[in-house]
Amino acid sequence: MRLHFKEIDSTSTFLKNNVCEFDHGDLVSADYQNAGHGQVGNSWESEQYMNALFSLLMKPEKIPACAGFRITEIVTLGILDALPDFDLRIKWPNDIYAGDRKLCGVLIETSIQAGHIDRAIIGIGLNVNQTRFVSDAPNPVSLAQLADCRFDVKEVMERVVAAILERYERVVDCHGEYLSHLYRRAEWHEFERPNGERFEGMIIDVEDNGLLVMRMRSGEIAHFEFKSLKYVL
């Protein structure tokens, strides 16, 4: 099923509230979201008709709850598969970056039953044709800016959805591939803790539960939950 709105509060909220009416691979999209959101309540700026705003329902019965981060790997690598002409990286856990600029945000909401993931609602905001950003987001970029041309938003969206679902159907371990595309992995970079303290670290891995594994300058190995550190760009 493909359900499209000219305007809606949030495609993910709509899908979550009506999930019984949808099956694996179904999609809700919109030209504009007036209450679109990202991780931990962050808003998502998008000019009407300019970008791909959609939520995909997955029923990933093949993935046990203990390996839930595999959904993030499948989704982010699927987005990269769909956009092979761009040099893109995955900023842990699931933003898509071109250089040091954010092209795409992903929000994954899962429900677990009997030790398996019953469903996952994948909310995606992909900057396609927008060239002027007015929010306080520090580093947005769009496909149009990267390629200096405009794109068919629907075609881009369908290509991304197909690539994500194809990744899921492969049922292969893609952790190593996820790491190979990880933004700032295996390099020393500056990061910031929630209290403002800055430090240098090297990203070396991501655990099955999604924790970021980092080597500190002291040689210590540290683990970070999402939102427990900030990249210094």
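Predicted model: local features only at pLDDT ≥ 70, side-chain atom pairs only at ≥ 80, totals over all residues.
Residues are numbered from 1 along each chain as its sequence is written, and side-chain values use heavy atoms, leaving out hydrogens and water.

**Overall form**

- Five helices and twelve strands occur in the chain; these are DSSP runs numbered from the N terminus, with helices (H or I) of at least four residues and strands (E) of at least two.
- The radius of gyration, taken over C-alpha atoms, is 17 Å, close to the 17 Å given for 233 residues by the globule rule (2.2 Å times the number of residues to the power 0.38), so the chain is as compact as a globular protein of that length.
- The C-alpha trace spans about 50 × 45 × 35 Å along its principal axes.
- Of the contacts (heavy atoms within 4.5 Å) between residues at least 6 apart in sequence, 61% join residues at least 24 apart.

**The sheet**

- An open sheet of mixed pairing is formed by seven strands in the order S1-S2-S3-S7-S6-S5-S4; two strands pair if DSSP finds at least two bridges between them.
- Strand S1 (2-8) and strand S4 (88-91) are at the edges with a single partner strand each, so one side of each has no neighbour in the sheet.
- From one strand to the next, the twist averages 20°, with angles running from 0 to 180 degrees between N-to-C directions of axes fitted to C-alpha atoms, for helices over the stretch in contact.
- Strand S3 (residues 52-58) and strand S7 (residues 116-126) run antiparallel and are joined by seven bridges; Leu 53 has Gly 125 in S7 as its bridge partner.
- S4 and S5 run antiparallel with four bridges, forming a hairpin with three residues between them.
- Ile 90 stands opposite Ile 96 in S5.

**Helices on the sheet**

- Helix H2 (residues 69-82) packs on the sheet and touches S4, strand S5 (95-98), strand S6 (101-113) and S7, its direction making about 145° with that of S6.
- Twelve of the 14 residues of H2 are buried, among them Phe 69, Ile 74 and Leu 77.
- Helix H4 (residues 153-170) lies across S1, strand S2 (27-33), S3 and S7, and runs at about 25° to S3.

Key. Buried < 20%, exposed > 50% of the residue type's maximum accessible area, 1.4 Å probe, protein only.
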